[in-house]
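The points are grouped by topic.

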Amino acid sequence: MEQEKQQMTLAQRLRKSWVDLRQTNVRAQAHYTVFRTTQHIKNKNGLVKQYQQRFIAGWEKWLGVGAGMTGLLMLLNPDGLWRWQFVLVLIGVLIAPLLADLWHSLKKVFTEYPGKQLIGQVITLEQAIVEGTGSIRLDNLEWQLAGVDCPAGTQVKIIAINDRTLYITPLNPTA
């Protein structure tokens, strides 16, 4: 079978592909694709629904942002853009929620780090901490521990994170 494919010329392969395509029901596949896409858009958690909710919840803020962006553009080129003020405000109002989402996504990428949710949690040590170091498995990740020596079974609080190291302090320090 594979030798037959290799021996076919480009024209023969194109003809065979065209015949295969004509035999399938392209129209039905196109309808299904459109249906699936529109159902995804209509979904209550779809992107369009999220945009609508965000836009309606803060339309005054988006109007201000759109007017501000138009004002900045007018400041840079007052002679050329004065006819387009209304259109620029409208475009700015429609684009502002998308820019805000982009800003929040970028901010989240650069400010969150693995294990941030662990700070402040109380955990029970599975292994003893010896000479200030140990290890534990949390959230399917292996973490190094740093802190005062503690026996296994001690409850400790996570106070800081640096790379893959959790800094801990015992809840009930032993004397």
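L63 is found in helix α5, residues 59–76, where helices are DSSP runs of H or I with at least four residues, strands are DSSP runs of E with at least two, and both are numbered from the N terminus. The model is predicted: local features need pLDDT of at least 70, side-chain atom pairs count only at pLDDT 80 or more, and totals for chains, interfaces and linings use all residues. Residues are numbered from 1 along each chain as its sequence is written, and side-chain values use heavy atoms, with hydrogens and water left out.

- L63 is partly exposed, with a relative accessible area of 41%; buried means under 20% relative accessible area, exposed means over 50%, and partly exposed lies in between, with a 1.4 Å probe and protein chains only.
- Apart from neighbours within four places in sequence, L63 is in contact with V89 and V93, contact meaning heavy atoms within 4.5 Å.
- L63 and G92 are 29 residues apart in sequence, and their C-alpha atoms are 7.7 Å apart in space.

**Spans listed by UniProt**

- An unreviewed UniProt entry lists residues 59–76 and 82–100 under "transmembrane region"; UniProt positions are given in the numbering used here, feature names are shortened, and annotations may be inferred rather than shown by experiment.
- In the model, residues 59–76 are 100% helix and 0% strand, and the end C-alpha atoms of this span lie 26 Å apart.
- Residues 82–100 are 84% helix and 0% strand, with end C-alpha atoms 26 Å apart.

**Helices α4 and α7**

- Helix α4 (residues 47–57) and helix α7 (residues 85–111) pack at an angle of about 110 degrees, with their axes 10 Å apart; axes are lines fitted to C-alpha atoms, for helices over the stretch in contact, and angles run from 0 to 180 degrees between N-to-C directions.
- Helices α4 and α7 are therefore roughly perpendicular to each other, given that angles of 65 to 115 degrees count as roughly perpendicular, under 35 as roughly parallel, over 145 as roughly antiparallel and the rest as oblique.
- On the α4 side the contact is made by Y51, R54 and F55, and on the α7 side by V93, L94, P97, L98, A100, D101 and H104.
- The residues of this contact divide into 7 nonpolar, 1 polar and 2 charged; Ala, Val, Leu, Ile, Met, Phe, Trp, Tyr, Cys and Pro count as nonpolar, Asp, Glu, Lys and Arg as charged, and the others, Gly among them, as polar.

**Two residues of helix α4**

- F55 has its place in helix α4 and is partly exposed, with a relative accessible area of 22%.
- Not counting residues up to four places away in sequence, F55 touches W62, V93 and P97.
- F55 and I95 are 40 residues apart along the chain, with 9.9 Å between their C-alpha atoms.
- Q52 also lies in helix α4 and counts as partly exposed, at 38% relative accessibility.
- The C-alpha atoms of Q52 and P97 are separated by 9.5 Å, while the two residues are 45 apart along the chain.

**Strands and loops**

- I136 is found in strand β2, residues 133–138, and is buried, with a relative accessible area of 3%.
- Leaving aside neighbours within four places in sequence, the contacts of I136 are I123, T124, E126, L141, E142, W143 and L145.
- I136 and L125 are 11 residues apart in sequence, and 7.2 Å separates their C-alpha atoms.
- E131 lies in the loop between β1 (122–124) and β2; E131 is exposed, with a relative accessible area of 73%.
- Although E131 is not a glycine, its phi is positive, at about 55 degrees.
- D163 lies in the loop between β4 (155–162) and β5 (165–170); D163 is exposed, with a relative accessible area of 66%.
- D163 has a positive phi of about 55 degrees and is not a glycine.

**The chain as a whole**

- The secondary structure of the protein chain comes to 7 helices and 5 strands, in the sequence order α-α-α-α-α-α-α-β-β-β-β-β.
- Of the 175 residues of the protein chain, 18% count as buried.
- Among contacts between residues at least 6 apart in sequence, 39% join residues at least 24 apart.
- The accessible surface of the protein chain comes to about 13,800 Å², of which 61% belongs to carbon and sulfur atoms; accessible areas come from the Shrake-Rupley method with a 1.4 Å probe, and for residues only the protein chains shown count as cover.
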